[in-house]
Amino acid sequence: MDLSSQDVKILDILQNDASKTTGEVAESINLSQAPCWRRINRIQEEGYIQKRVAILDREKLGMDVVVFATVNLSAHSKETLDSFEDAVQGLDEVVECYTMTGLWDYILKIVVRDIRHYEAFVRTHLTTLPMIREVHSHIAATEVKYGTQLPLNTQLK
């Protein structure tokens, strides 16, 4: 990793608000616009910035339920794992998927309108995948903290 302290500041600014112009970013870190633009270009080309997106308000869009589903597969061959992971890529309701150590093979973060939507999703999509042995649903009651920002200031010192 070859990031300067200014690069880290740029990344922190952009991960909090990707709509900032190069001029605004430059002003925030006391750098002129051209060198700031070059730094942003370099860190993008090096892959530190994957993409710039808009973060939507799921509740305003009527997606009131977040479910964390733990999944165990019936087998653990490379083909089974790859098949499950490929299938998950095609399920829009699954917004995150992680392999796990310990009791569960995977944990899925699923966002849906309501409990009925979740039940329909499980019945028509998730449990129809032949490699799934069991699914346990954990419905989030209250969102205490949500963020997409990485802890740059505490991790990159």
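How many bridges pair β2 with strand β3 (residues 106-112), and in which sense? Five, in the antiparallel sense. Before going further, a word on what you're looking at: this is a predicted model, where local features need pLDDT of at least 70, side-chain atom pairs count only at pLDDT 80 or more, and totals for chains, interfaces and linings use all residues. Numbering starts from 1 along each chain as its sequence is written, and side-chain values use heavy atoms, with hydrogens and water left out.

**The sheet**

The four strands form an open sheet in the order β2-β3-β1-β4, with antiparallel pairing. Strands here are DSSP runs of E with at least two residues, helices are runs of H or I with at least four residues, and both are numbered from the N terminus. Two strands count as paired if DSSP finds at least two bridges between them. At the edges sit β2 (94-99) and β4 (132-139), each pairing on one side only. From one strand to the next, the twist averages 20 degrees. Axes are lines fitted to C-alpha atoms (for helices, over the stretch in contact), and angles run from 0 to 180 degrees between N-to-C directions.

Here are the pairings side by side:

| Strand pair | Bridges and sense | Residues facing each other |
|---|---|---|
| β2 and β3 | five bridges, antiparallel | V94 and I110 |
| β1 and β3 | seven bridges, antiparallel | V65 and V112 |
| β1 and β4 | seven bridges, antiparallel | A69 and S137 |

As for β1, eight of its nine residues are buried, so the strand is largely enclosed by the rest of the structure. Buried means under 20% relative accessible area, exposed means over 50%, and partly exposed is in between, with a 1.4 Å probe and protein chains only.

**Helices on the sheet**

Helix α4 (residues 78-89) lies across β1 (65-73), β2, β3 and β4, running at about 15 degrees to β3. Helix α5 (residues 115-126) also packs on the sheet and touches β1, β2, β3 and β4, but its direction makes about 130 degrees with that of β3. Contact means heavy atoms within 4.5 Å.

Helix α1 (residues 5-16) has 12 residues and spans 17 Å from first C-alpha to last, close to the 16 Å expected at 1.5 Å a residue. That expectation is 1.5 Å times one less than the number of residues. Its buried residues include D7, V8, I10, L11, I13 and L14. An α-helix has 3.6 residues a turn, so residues three or four places apart point the same way.

L3 lies in the segment before α1, and its relative accessible area of 19% makes it buried. Leaving aside neighbours within four places in sequence, L3 is in contact with V8, L11, I43 and Y48. The C-alpha atoms of L3 and I43 are separated by 8.3 Å, though the two residues are 40 apart along the chain.

Then there's N30, found in the loop between α2 (22-28) and α3 (33-45). Its phi is near 55 degrees, a positive value in a residue other than glycine. N30 is exposed, with a relative accessible area of 72%.

**The largest pocket**

The largest pocket has a volume of about 1,900 Å³. Of its 50 lining residues, V53, I55, Y146, G147 and T148 are the closest to the centre. The elements α1, β1, β2 and β3 each supply at least two residues of the lining, and α1 gives the largest share, four residues. On a 1 Å grid over the protein atoms alone, a pocket is an open set of points where a 1.4 Å probe fits, with protein on both sides within 12 Å along at least five of seven lines, and lining residues have an atom within 4 Å of a point. Points are joined across faces, edges and corners, and the volume is the space filled by probe spheres set on them.
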